[in-house]
Amino acid sequence: MDGYLYSARCLSALDPSRGGLGPSDGISAWTLAGIFSLGLGVRLVAVYLWGWRFGGGFIFGDSESYWHLARTIARGEPYRYGITGAIFRTPGYPLMLAPLFLVFDDPPIWIARVEGAVFGAVTAVLVCLWGKELFNRHTGIIAGILAALHPELILGSVPVLSEAGFAPAWVLGMYLLARSCNQRDSGELCAWRSSLGAGLAFGLATLIRPSALLWLPFLLVVQLLVWRRLLPSWRAWASIVVGFVLVMLPWWLRNYWLTGKVILTTTQVGASLYDGWNPQASGSSNMNFVPDKLREVQRQYPDAHPLFWELELDRQLKREAVTWAIQNPTAVLRLAFVKFRRFWNIVPNDPGFNVFPVNLTMAVAAVFTFVLAIVGALRWAKQRVVAMTCVLPAVYFTLLHMVFVSSLRYRIPVVPGLIVLASATLVSRFFVASGDKGA
């Protein structure tokens, strides 16, 4: 009977509306340090194995552009990649890499991979805090350990790609958003601070990966249509928007000063949309069309400024992509299905990474996480804070990448929320099964 009562108390603590178990049941600094050390240790091993397998150079073209832009920031040079790349990429991730060029004149690439490993370890700590905020201490600790060891999050930390910086910013935003909702009874000031912090974090995430731009409007629309109320409140939402705008405003003003136009993210939206919608589209990314399309624009306007070419290329590619999609609805639906499958694949889509034992490790981790997360979603998705921080991101990024190109790389912001749900499921099952008072 005592074990049964203890299990019932544990299950009631898993109710997100309670806001966790309270300060006395918080996670110690030593536990957080242990999760950070575990996450960093396995990622440093991954950095070594990556270098052993692929050598010391870049294997992704995106990495070259981030590296170049980081160098321009550190040296005070014009922020531009190539002739027509003044607004080619948002500066979030290059800003994270720029300090390396202040320490080293020509930093070795493995240093950037180590930096990514640190960001990945920080992400695991933030997942731990997020799990505690939504559920309880036990869920937080298990979530942190799983995030430290999850192969998708590990692989997202090692290449010199924006996912390394995006993951901690995104998870921080989710944690602070959940905290703001749970602080409704703690006073407006506490909730305002968390909401402002969430807005700042989401702004940073968007400045790193523009795919996060529509997240807050998506969340707002879902709240108004489905729940018919704003969580945590309209005042908190005002703070979130203020924080988001504060981070993004310098980039917006810079772009307007350069072009006289409002450009919220980059001039790559057209290329990205055309990459997903064109006669040769396959669901994966293939930007080989860009040089030919750029030459067409240059032939049309031979005396124009390179910045005009950049803007015109973006405009023309948007128009061609939308026109093709309207004229080929069946192909668009077929591509949407292909992209959905690629997004939720349990093994890497790229044949170069779909090799043993990588594919087996990722498949086991994906199935384990998905099954437990689905159970958790069915059980706790009616709790609005859980739904909007753990479930809705999966919906948002799935829909987004059923339009744009898709791969496991773009699933990384979804994985932490699934890990939190999976951890809550594990904790509830464990306590119900055992009634272990020592847990």
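The model is predicted, so local features need pLDDT of at least 70, side-chain atom pairs count only at pLDDT 80 or more, and totals for chains, interfaces and linings use all residues. Residues are numbered from 1 along each chain as its sequence is written, and side-chain values use heavy atoms, with hydrogens and water left out.

Two terms come up throughout. Helices are DSSP runs (H or I, at least four residues), numbered from the N terminus. Buried means under 20% relative accessible area, exposed means over 50%, and partly exposed is in between (1.4 Å probe, protein chains only).

**Salt bridges**

- You'll find 11 salt bridges in the structure; each is a side-chain nitrogen of Lys or Arg within 4 Å of a carboxyl oxygen of Asp or Glu.
- One of them pairs Arg75 with Asp105, with 3.8 Å between the closest N and O atoms. This pair links distant parts of the chain, 30 residues apart: Arg75 is in the loop between helix 3 (61-74) and helix 4 (92-103), and Asp105 is in the loop between helix 4 and helix 5 (109-134).
- Arg75 counts as partly exposed because its relative accessibility is 43%, while Asp105, at 65%, counts as exposed.
- Arg179 and Glu133 also meet in a salt bridge, 3.1 Å from N to O. Here too distant parts of the chain are linked: Arg179 sits in helix 8 (residues 163-182) and Glu133 in helix 5, 46 residues apart.
- Within that pair, Arg179 is partly exposed at 29% relative accessible area, whereas Glu133 is buried at 7%.
- Glu320 and Lys293 form another salt bridge, at 2.8 Å from N to O. Glu320 lies in helix 14 (residues 306-327) and Lys293 in helix 13 (residues 289-300), so this pair ties together parts that are 27 residues apart in sequence.
- Glu320 is partly exposed, with a relative accessible area of 24%, but Lys293 counts as buried at 15%.
- There's also a network of salt bridges linking Asp62, Arg89, Glu163, Arg209 and Arg409.

**Helix 2**

- Helix 2 (residues 29-54) has 26 residues, and at 1.5 Å a residue they should span 38 Å; the end C-alpha atoms are 37 Å apart, which agrees. The expected span is 1.5 Å times one less than the number of residues in the helix.
- The buried residues of helix 2 are Leu32, Ile35, Gly39, Leu40, Arg43, Ala46, Val47 and Trp50.
- A handy rule for reading such a list: an α-helix has 3.6 residues a turn, so residues three or four places apart point the same way.
- Helix 5, helix 6 (137-149) and helix 7 (151-157) are among what covers those buried residues of helix 2.
- Just after helix 2 comes Gly55, which takes a positive phi of about 85 degrees.

**Cysteines**

- The disulfide count comes to 0, where a disulfide is a pair of cysteine sulfur atoms within 2.5 Å.
- Cys181 is in no disulfide, and the nearest cysteine sulfur, that of Cys390, is 12 Å away.
- Cys181 is buried, with a relative accessible area of 1%, and Cys390 is buried with a relative accessible area of 1%.

**Pockets and cavities**

- On a 1 Å grid over the protein atoms alone, a cavity is a set of points where a 1.4 Å probe fits but cannot get out, and a pocket is an open set with protein on both sides within 12 Å along at least five of seven lines; lining residues have an atom within 4 Å of a point.
- Grid points are joined across faces, edges and corners, and a volume is the space filled by probe spheres set on the points.
- The second largest pocket has a volume of about 580 Å³. Its lining has 20 residues, and Ala46, Leu49, Trp50, Leu155 and Val358 lie nearest the centre.
- Helix 2, helix 7 and helix 16 (358-380) each give two or more residues to that pocket's lining, and helix 2 gives the most, with 8 residues.
- Searching the whole structure turns up 2 cavities of 30 Å³ or more, and the largest cavity has a volume of about 80 Å³.
- Residues lining the largest cavity include Arg43, Glu163 and Ile412. Helix 5, helix 7 and helix 8 each supply at least two residues of this lining.

**Glu312**

- Glu312 has its place in helix 14 and counts as buried, at 6% relative accessibility.
- Leaving aside neighbours within four places in sequence, Glu312 is in contact (heavy atoms within 4.5 Å) with Val297 and Tyr301.
- Glu312 and Gln298 are 14 residues apart along the chain, and their C-alpha atoms are separated by 9.5 Å.
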